[in-house]
Amino acid sequence: MVCRLTFLILILVIIQSHAQKKVCFTIDDMPLVTYGINDTVYQKNLMNKLIAALNTNNIPAIGFVNEVKLYRNDQLIPFQVQLLKSWLAAGLHLGNHTYSHPDYNNLSPSEFFKEITKGEQVTKKLLAEHNIKLTYFRHPFLHVGNTKAKSDSLSQFLADHDYIAAPVTIDNEDYLFAVAYKRAQDKNDTMLIKKIGADYITYMERKVLYFERQSEALFGRQINQILLLHANALNSDYLDALAKMFRTHNYDFISLPQALQDNAYQTPITVYGKWGISWIDRWALSQGKKGDFFKGDPETPPYIAN
Ligand SMILES: [Zn+2]
C-alpha cells in the first residue's frame, strides 16, 4: 500500500515537472520601430522576418499598433498599411496601442481617451476584413494611471468601449538592446552585432526564469505568462532564437485570449504609481510584498544600458 502511494506521488511529481508552461508573445509599437530608416525594402524585410519567425514557430502573436506611424502629413501611407495587412494575412492578431504613444501619467483621462479612439480607425477596418473585432488594448509605457482614480477611469473607458487591457508579465528592456543593436549595425561592427544578439537571448532567459520564480512565489504555480517585445530589427533577427529558448524551458505558445483565461489575471491591483512594471510586480505590491521579494530581477548589461 505504502509502495503504491509512493509510486503515485512519484508519477504526480513527474507530471508536475513536465507540465507545459505557457507564454503569449505580444509585439508593441507596430507596424515597426525603424529608428528613422524609411527604406521600404528594409522595412518589408524586417516585417517579413518577424512574420516568418512567428509562423515557423507557431506563435499566435498579437501586435499593438500606433496608427500615427501610418500617416505622413495627414495622408495614409499605403505601404505602412500594407505591412499590417501582411501581418494579418499571416494569421497574426492586432490591437490598439493608442494613436501616438502618449504617456498617460502626463495626460488627463479625456485627452488620453481621444488618443485611444484616434488610434483605432485603420486597425479596426483591417481586422474587420478578417472578421475580427478590435478588442485588445496595450498601455504605452505600461502606464495604467498613477492614481486609483485615473486607473479606474481608464478601465471604465476600456470596458465601455468593449476593450480588454493586455497586461504584461515578462517585462524587459528589449528596446535598449535594440538601440544598441542598431548602432552596431550602423557601424558595421559584426562582432558587436553578434555579441548583442547572444547577450540579448541570455538576458531574456534570465528574465523568464526570474518571472517564473515570481509566479511560483506569488501563485504557487506557473501562470500563463505574457511577454512584451517590440517590432524592431533585433527581434526580427533573434525571434527564432528567442522561441527556441522558450521551448528549451518547456513553453507552449498561446494567444492573448488563451493567456487571459488564467485566473491570475483577475488578481486585484490596489497600489498605483508612475511605474511601467510587470503585472506580477503590481500584484505583489498590492499584496504588500516588499524589498526582498523583488530581488534578483536581471539587470540590463551596462554596455547596453548606457
Ligand atoms: Zn509601446
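P31 is placed in the loop between β1 and α2, where helices (H or I, at least four residues) and strands (E, at least two) are DSSP runs numbered from the N terminus. The peptide bond from M30 to P31 is cis, with omega near 5 degrees. The structure is a predicted model, in which local features need pLDDT of at least 70, side-chain atom pairs count only at pLDDT 80 or more, and totals for chains, interfaces and linings use all residues. Residues are numbered from 1 along each chain as its sequence is written.

Backbone geometry is considered next. Most residues other than glycine have a negative phi, and most peptide bonds are trans. D74, although not a glycine, has a positive phi of about 65 degrees. D74 belongs to the loop between β3 (71-72) and β4 (75-76). With 5 other C-beta atoms within 10 Å, D74 is exposed; a residue is termed buried if 20 or more other C-beta atoms lie within 10 Å of its own, exposed if 12 or fewer, and partly exposed in between, with C-beta atoms placed from the backbone. A positive phi, near 60 degrees, is also found for H101, a residue other than glycine. The loop that holds H101 runs between β5 (93-96) and α4 (109-118). H101 counts as partly exposed, because it has 16 C-beta neighbours inside 10 Å.

Strand β1 (residues 21-30) is joined to β2 by three bridges, and the two run parallel; strands are said to pair if DSSP finds at least two bridges between them. Within this pairing, I27 stands opposite G63 in β2.

The packing of helices is treated in the following terms. Two packed helices are described by the angle between their axes and the distance between the axes. Axes are lines fitted to C-alpha atoms, for helices over the stretch in contact, and angles run from 0 to 180 degrees between N-to-C directions. The axes of helix α2 (residues 40-56) and helix α3 (residues 78-89) cross at roughly 15 degrees and come within 10 Å. The helices α2 and α3 are therefore roughly parallel to each other, a term for angles under 35 degrees, with those over 145 counting as roughly antiparallel, 65 to 115 as roughly perpendicular and the rest as oblique. The crossing of α2 and α3 is right-handed; a crossing is right-handed if the near helix is turned clockwise from the far one by less than a right angle, and left-handed if anticlockwise. On the α2 side, the contact is made by T40, Q43, M47 and I51, and on the α3 side by F79, L83, S86 and W87, where contact requires C-beta atoms, placed from the backbone, to lie within 7 Å. By class, the residues of the contact of α2 with α3 comprise five nonpolar, three polar and no charged. In this division Ala, Val, Leu, Ile, Met, Phe, Trp, Tyr, Cys and Pro count as nonpolar, Asp, Glu, Lys and Arg as charged, and the others, Gly among them, as polar.

P109, F112 and F113 of α4 meet K150, S153, L154 and F157 of α6. The contact of α4 with α6 has five nonpolar residues, one polar and one charged.

Several individual positions were also examined. L46 lies in helix α2 and counts as buried, with 23 C-beta neighbours inside 10 Å. Residues up to four places away in sequence not being counted, L46 touches L32, A233 and S236. N172 is located in the loop between β7 (164-165) and α7 (174-186). This residue, N172, is buried, with 23 other C-beta atoms within 10 Å. Apart from neighbours within four places in sequence, N172 is in contact with M204, K207 and L228. The C-alpha atoms of N172 and R221, which are 49 residues apart along the chain, are separated by 21 Å.

I280 forms part of helix α11 (residues 279-286). Given 27 C-beta neighbours inside 10 Å, I280 counts as buried. The contacts of I280, leaving aside neighbours within four places in sequence, are with T169, F211, Q214, S215 and L218. Between I280 and G63, 217 residues apart along the chain, the C-alpha atoms are separated by 21 Å.

Note on methods
Two residues are in contact if their C-beta atoms, placed from the backbone, lie within 7 Å.
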